[in-house]
Amino acid sequence: MSAIVKLQEVRKRFGDNEVLRGISLEINPGEVVAIIGASGSGKSTALRCMDHLETIEGGSIEVCGHQLGAGKVDLHQLRRDVGIVFQSYNLFPHLTVRQNIMLALKHVRKLSRGQCLEKANRVLDKVGLGMKADFYPEQLSGGQQQRVAIARSLAMEPQVMLFDEVTSALDPQLTGEVLKVIEDLAAGGMTMILVTHEMAFAQRVADKIVFMHQGLVWETGGPEILSEPRTVELQQFVGTGL
């Protein structure tokens with residue numbers, strides 16, 4: 001099986017700070033990968049590079065057949081193939097939930113109004129918010145707004161979904177409802193890369209755990225590495241070290 005996401009010796013710096021120091025990573029179709037690590041380890045930067053929100057200074061990235069880091073990138077097609085959800089929901093406050101989802105379908109996918117409506121209703125049902133379609137974002141809880149943001153990405157039918165700390169601004173109850181949606185997507189075979197601090201969730205859902213430390217991929221393995229870390233740094237990160 002060929003990788004759907006492939007990073008080779010990727011480097012990225014912000015001024016004098018080299019955030020990514022030559023990371024390599026492969027993700028296969030249908031795989032759920034959790035990227036963990038302390039603040040400043042480079043995990044969110046790595047994720048943003050996969051969607052070309054950050055440009056790289058060295059190495060190469062291939063995502064869904066798109067070559068990032070060398071030459072021109074077809075951003076229009078890349079955004080169709082790769083969905084990304086952030087910790088801030090980025091919903092338009094003056095549009096209803098349904099209208100927020102239909103916007104990109106109309107302008108990017110060029111679908112008819114009827115097609116946009118059908119697809120928006122379907123993805124809202126998928127995240128358990130069909131009854132909130134005509135509400136405005138301010139009328140929803142934080143967890144519901146995040147589920148709308150996920151639905152908006154899903155409506156584009158991406159090949160890969162990226163999640164950047166999507167629960168970090170939510171309280172525990174709301175976190176649970178968002179993680180349930182992600183867990184359902186994993187069960188459905190969606191290829192997903194999650195930057196997360198939810199260790200129990202990562203251990204339960206991820207096929208592969210990637211621990212980043214000081215801009216490097218420090219340790220990689222199955223969910224068992226959180227119970228039996230091989231490096232001192234991961235031991236300390238998960239709280240099993242002295």
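At what angle do helix 4 (residues 113-126) and helix 5 (residues 142-155) pack, and how far apart are their axes? The points below start there.

1. Basis of the note. This is a predicted model, in which local features need pLDDT of at least 70, side-chain atom pairs count only at pLDDT 80 or more, and totals for chains, interfaces and linings use all residues. Residues are numbered from 1 along each chain as its sequence is written, and side-chain values use heavy atoms, with hydrogens and water left out.

2. Helix 4 and helix 5. The two helices pack at an angle of about 130°, and their axes are 9 Å apart. Helices (H or I, at least four residues) and strands (E, at least two) are DSSP runs, numbered from the N terminus. Axes are lines fitted to C-alpha atoms, for helices over the stretch in contact, and angles run from 0 to 180 degrees between N-to-C directions. Helix 4 and helix 5 are therefore oblique to each other. Angles under 35 degrees count as roughly parallel, over 145 as roughly antiparallel, 65 to 115 as roughly perpendicular, and the rest as oblique. The crossing of helix 4 and helix 5 is right-handed; a crossing is left-handed if the near helix is turned anticlockwise from the far one by less than a right angle, and right-handed if clockwise.

3. Residues between helix 4 and helix 5. Helix 4 contributes Lys119, Val123, Leu124 and Lys126, which meet Ala151, Leu154 and Ala155 of helix 5. Contact means heavy atoms within 4.5 Å. The residues of this contact of helix 4 with helix 5 are 5 nonpolar, no polar and 2 charged. Here Ala, Val, Leu, Ile, Met, Phe, Trp, Tyr, Cys and Pro count as nonpolar, Asp, Glu, Lys and Arg as charged, and the others, Gly among them, as polar.

4. Helix 3 and helix 4. Helix 3 (residues 97-107) packs against helix 4 at about 125°, with the axes 9 Å apart. That makes helix 3 oblique to helix 4. Their crossing is right-handed. Val97, Arg98, Ile101, Met102, Leu105 and Lys106 of helix 3 meet residues of helix 4 including Arg113, Cys116, Leu117 and Ala120. By class, the contact of helix 3 with helix 4 has 9 nonpolar, 1 polar and 4 charged residues.

5. Burial in helix 3. The buried residues of helix 3 are Val97, Arg98, Asn100, Ile101, Met102 and Leu105. Buried means under 20% relative accessible area, exposed over 50%, and partly exposed in between (1.4 Å probe, protein chains only). Helix 4 and helix 5 are among the elements that cover these buried residues of helix 3.

6. Helix 5 and helix 6. The axes of helix 5 and helix 6 come within 8 Å and cross at roughly 20°. That makes helix 5 roughly parallel to helix 6. The crossing of helix 5 and helix 6 is right-handed. The contact of helix 5 with helix 6 has 7 nonpolar, 4 polar and 2 charged residues.

7. Serine 153. This residue lies in helix 5. Serine 153 is buried, with a relative accessible area of 10%. Leaving aside neighbours within four places in sequence, serine 153 is in contact with Gly83, Ile84, Val85, Pro158 and Met161.

8. Threonine 191. Threonine 191 lies in strand 8 (residues 191-195). At 4% relative accessibility, threonine 191 counts as buried. A polar atom of its side chain lies 2.7 Å from the backbone nitrogen of glycine 30.

9. Methionine 190. This residue is in the loop between helix 6 and strand 8, and methionine 190 is buried at a relative accessible area of 16%. Methionine 190 and leucine 154 are 36 residues apart in sequence and 10.0 Å apart in space, C-alpha to C-alpha. Not counting residues up to four places away in sequence, methionine 190 touches Leu154 and Leu185, among others.

10. Two residues with positive phi. Most residues other than glycine have a negative phi. Glutamate 157, in the loop between helix 5 and strand 7 (160-164), has a positive phi of about 55°. Glutamate 165, in the loop between strand 7 and helix 6 (172-187), has a positive phi near 50°. Glutamate 157 counts as partly exposed at 45% relative accessibility, whereas glutamate 165 is buried at 13%.

Definitions and conventions. Polar contact = N/O pair within 3.5 Å; in protein donor to acceptor, adjacent residues only side chain to side chain.
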